[in-house]
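Thanks for making time this morning.

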Amino acid sequence: MIKAMKNKSLELLTSQEVRVVIGYEKGTKCSTRPSFFFLPEDIERMVFDEECKNNLAVYLTKENIKNYGRLAIIANDKTLQSIVKLISENQIREDNLFVLTPGSEDGQVIVLNSIEEIKSFVNKSIPSQKEPDSVDELVARIRKMSREERWKYWQDEFARCIRCYACRAACPLCYCTRCTVESSQPQWVPVASHVLGNMEWHIIRAMHMSGRCTDCGACAEACPVNINLQALTRVVRESIQDEFNLTTEEYLEGNNVLSSFKPNDNETFIR
Amino acid sequence: MPTVETYKISPVSLEKLFYQLLKEDRKIYAPVRRNDQVVFDLVTRYEEICTDFIQTAASPKNLIFPRYENLFSYKKGKDGVEIQQFNPDSIPEIVIWGLRPCDAAGFKVLKSLFNWDYKDEIFNTRLNKTTIIGFSCNQCDEYCFCTSVGGNPGNTTGSDLLITKAGEAGYLVEAVTEKGKGVIERSDSLFESSDNIRKEEFLADVPVMFTPDLLKEKLEKVFESEIWQQQSIRCLGCGACTYICPICACFDIQDEAHGKKGTRIRCWDSCGFSLFTQHASGHNPRMNQAQRWRQRVMHKYVYMPERIHEIGCTGCGRCSRACPVDMNILDHLKSILKS
Ligand code: SF4
Ligand code: SF4
Ligand code: SF4
C-alpha cells in the first residue's frame with residue numbers, strides 16, 4: 001500500500017495538482033511522525049502503516065498550511081472523521097483538498113476529492129460495532145463512581161495538568177486562533193495551573209468539544225503527564241449521540257450542539 | 001570550588017541514609033511510577049523509589065521553580081494598599097533524591113538565570129533549602145545527548161551528593177558541596193572509604209555528536225535560514241517541550257484579583273505559544289512558529305551562553321520524548337550543523 005500511496009502522492013506533486021502532501025515519515029525509535037512533502041524527491045521518505053497514528057487533520061486549519069492552497073493529505077480513519085467534522089464546520093474548502101486513504105482491498109489507495117466523496121466514504125467505513133478499549137474500561141470505572149467521587153477523580157487528575165495546552169494544539173477541532181482561555185479582558189480562566197484554573201480550563205474544553213469531538217484521542221496521546229482526557233470527551237460524545245438520538249453519521253455531519261438553536265426545541269428554557 | 005570527597009556506601013546503608021534524611025524532617029522527592037510514567041513525587045518509603053528508568057517524564061524543576069507561585073498578595077484599604085510579601089521562611093527543607101546528572105546540572109543553569117541581573121529571593125531560598133542527591137546514569141537512550149552540551153552521565157555539577165552504582169556490592173558517593181559533606185557528616189557511620197572505585201566503568205556510554213562551541217558558531221550563521229521553517233512546519237505550538245525541560249524558565253506575571261484584594265502570581269510560560277511576546281499593540285515580533293522555534297533553539301545554544309555563560313540545554317532529551325509530533329531536538333541540531 002505504501003507503494004500505491006507514494007505513487008499517488010508523486011502523481012499529484014508532479015502534475016502540480018497540489019503544492020504539498022501532508023503525510024508521515026519515519027520518526028525516532030520505531031515511531032512515525034507527521035511530515036510535509038513538497039518535492040517529488042521528498043516522497044522517498046514517506047511511510048504509511050499502522051504506526052501512523054497522528055491525526056494529520058490538525059494541520060488543515062493552520063494559516064501557514066492553508067496558504068499553500070491546494071494540498072493532499074494522507075488520512076487514517078481518525079483523520080477522515082475529523083475532516084468530515086471540519087467540513088461540516090466550514091473550515092475546509094473541498095476544491096483545495098485531495099484525501100488519500102487506504103481502500104478495503106490490499107494495497108489499494110483511494111483518492112477523495114469532493115465533500116460528497118469524503119462523506120460517503122467515511123459513512124461506509126464507520127464500524128457498526130467497536131471493540132471496547134482501555135478508555136472504555138476507564139469510563140466504566142468512572143461511571144460506577146458517585147457524583148462526589150467522580151468530581152474528586154477529575155480534580156485529582158486535573159491537578160496534575162501543567163497547562164501546556166498540548167491537548168488543545170493536537171486537536172484538529174481546536175482551531176480557534178484565539179482561545180477563550182487566553183482572553184485577558186475579561187479573563188475567564190485563571191492562567192495559573194492551580195486546581196481551580198485547571199478545572200475551569202478542562203470544563204470549558206469539554207463543553208466546547210461537545211458535539212464536535214470525533215473521539216480521535218489526539219489530546220490524550222499528546223498529554224505529557226498522561227491525563228486520560230479521552231475518557232471525558234468520549235462520554236460527552238456518547239451522551240450527545242444518545243440524548244439527541246444521532247447516528248454516527250448524523251453526529252459527524254451535524255451542527256455543533258452548543259451553538260445550534262431550534263425554535264421548536266422541546267426544552268422550554270431555551271425558547 | 002571545594003574539592004570533591006569520595007566514599008563508598010552499601011545498598012543497606014543507602015537505604016538507611018534515606019530514612020536518616022526523612023528523620024531530619026526533610027521532605028524527600030524521588031522518581032516513582034505514577035500513571036504509566038516515572039515522575040518526581042513525595043516519597044516516604046524507600047522501596048517506592050524507581051531506579052530503572054532513563055529519564056523522568058518531566059524534570060524536577062517545579063520543586064524549585066513551581067508551575068505557579070504567589071509572589072505577594074495585596075489589599076486595598078482606606079489608607080492605601082497593604083502588601084503582604086511572600087514569606088521565604090515558609091519554604092520547607094527538601095531533598096531531591098535520584099535525579100539524573102543532567103537535571104542536577106540544570107539547577108546550576110537555573111541559578112545563573114535567576115541571578116542574572118535581579119537576584120530572585122524566592123528561587124534562591126528554595127534552592128538553598130534543597131539538598132540535591134544525584135544518581136549517575138548507567139543507561140541512556142537515543143534521545144540523550146548530555147555529552148554534546150558539556151555534561152556527562154557521571155557529571156557532578158549541580159549535585160550536593162552524586163551517587164554512582166558500582167556493581168552489586170555498593171555505590172560510589174561523591175560529596176560535591178558543603179551541603180553534601182554535611183549529609184555525610186551527619187550519618188558518617190554509613191560511609192566507608194571509596195577504595196579507588198573507577199567510576200567511569202559504571203557509566204552509560206553517551207556518544208558525543210558535536211561541541212557546544214561548534215553549534216553556537218553554526219547557529220550564529222543561520223538566523224535567516226529556511227531551515228527554521230522546514231523544521232517547525234510540523235510543530236503544533238504547544239508548551240509541552242518547554243514545560244518538561246529542566247531549563248526553560250520563561251514565566252508570565254498574573255494578578256488574580258477578587259474585589260479589593262488579590263495575589264500576584266508567577267506562572268510558567270512558553271515560547272511555543274502564539275501569544276508569547278505579543279505586545280499590547282497586538283504586534284508580535286515572532287509572528288509565526290518558525291520564528292518561535294528559532295527563538296527556542298537560539299536562546300538555548302546562543303543567547304544563554306553569551307549572557308550567563310551557561311548552555312540552556314543539558315541534553316536530557318525530554319522535549320523530544322514528550323513532543324506529540326516527534327520534534328527531535330537532537331535530529332534538528334544535527335541537521336542544522338549539516339546545513
Ligand atoms: S496536554 Fe495534559 S498537561 Fe497539557 S494542558 Fe492538556 S491536560 Fe494539561
Ligand atoms: S516542538 Fe513539539 S512539544 Fe514543542 S511546541 Fe512544538 S509540538 Fe509542542
Ligand atoms: S532543550 Fe530538551 S534536551 Fe535540552 S534540556 Fe531542555 S528538554 Fe532536555
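By class, the shell around ligand 2 comprises nine nonpolar residues, one polar residue and no charged ones, where Ala, Val, Leu, Ile, Met, Phe, Trp, Tyr, Cys and Pro count as nonpolar, Asp, Glu, Lys and Arg as charged, and the others, Gly among them, as polar. Please keep in mind that this is a predicted model, in which local features need pLDDT of at least 70 and side-chain atom pairs count only at pLDDT 80 or more, while totals for chains, interfaces and linings use all residues. Residues are numbered from 1 along each chain as its sequence is written, chains are lettered from A and ligands numbered from 1 in the order in which they are written, and side-chain values use heavy atoms, with hydrogens and water left out.

Which residues are around ligand 2? They are B:Cys235, B:Leu236, B:Gly237, B:Cys238, B:Ala240, B:Cys241, B:Cys323, B:Pro324, B:Val325 and B:Met327, and here a residue is near a molecule if one of its heavy atoms lies within 4 Å of it.

The space that ligand 2 takes is the largest cavity. On a 1 Å grid over the protein atoms alone, a cavity is a set of points where a 1.4 Å probe fits but cannot get out, a pocket is an open set with protein on both sides within 12 Å along at least five of seven lines, and lining residues have an atom within 4 Å of a point. A molecule sits in one of these if more than half of its atoms lie within 2 Å of its grid points. The structure holds six cavities of 30 Å³ or more, and the largest cavity has a volume of about 210 Å³, a volume being the space filled by probe spheres set on the points, which are joined across faces, edges and corners. Among the 18 residues that line the largest cavity, those closest to its centre are B:Cys235, B:Cys241, B:Trp293, B:Arg296 and B:Met327. Two or more lining residues come from each of helix H7 (240–243) and H8 of chain B, where helices (H or I, at least four residues) and strands (E, at least two) are DSSP runs numbered from the N terminus. H8(B) gives the most to this lining, with four residues, and by class the lining has 13 nonpolar, three polar and two charged residues.

Let me turn to the other two ligands. Around ligand 3 we find, among others, B:Phe145, B:Cys245, B:Arg296, B:Lys300, B:Cys313, B:Cys316 and B:Cys319, and the elements that give two or more residues to this shell are H8 and helix H9 (318–322) of chain B. The shell around ligand 3 divides into six nonpolar, three polar and three charged residues. Ligand 1 is surrounded by 14 residues, of which the closest are A:Cys161, A:Cys164, A:Tyr165, A:Cys167 and A:Cys223, and the elements that give two or more residues to its shell are helix H7 (166–170) and helix H8 (195–209) of chain A. That shell divides into 12 nonpolar residues, one polar and one charged.

The second largest pocket has a volume of about 1,200 Å³, and of the 45 residues that line it, the closest to its centre are A:Lys62, A:Tyr175, A:Cys176, A:Thr177 and B:Ser274. H8(A) gives the most to this lining, with five residues, and the lining divides into 20 nonpolar, 15 polar and 10 charged residues.

Now the sheet, which is open, has four strands in the order E5-E4-E12-E11 (chain B), and shows antiparallel pairing; two strands pair if DSSP finds at least two bridges between them. The edge strands are strand E5 (80–85) and strand E11 (251–258) of chain B, each of which pairs on one side only. E4(B) and E5(B) form a hairpin with two residues between them, and strand E4 (residues 68–77) of chain B pairs with E5(B) over six bridges, with B:Gln85 in E5(B) as the bridge partner of B:Phe72. On the pairing of E4(B) with strand E12 (residues 261–268) of chain B, there are seven bridges, and B:Tyr74 stands opposite B:Gly262 in E12(B).

Finally, the backbone. Most residues other than glycine have a negative phi, and most peptide bonds are trans. The bond from A:Gln185 to A:Pro186, however, is cis, with omega near 0 degrees, and A:Pro186 is placed in the loop between H7 and H8 of chain A. A:Asp215 has a phi near 65 degrees, a positive value in a residue other than glycine, and its place is in the loop between H8 and helix H9 (218–222) of chain A.
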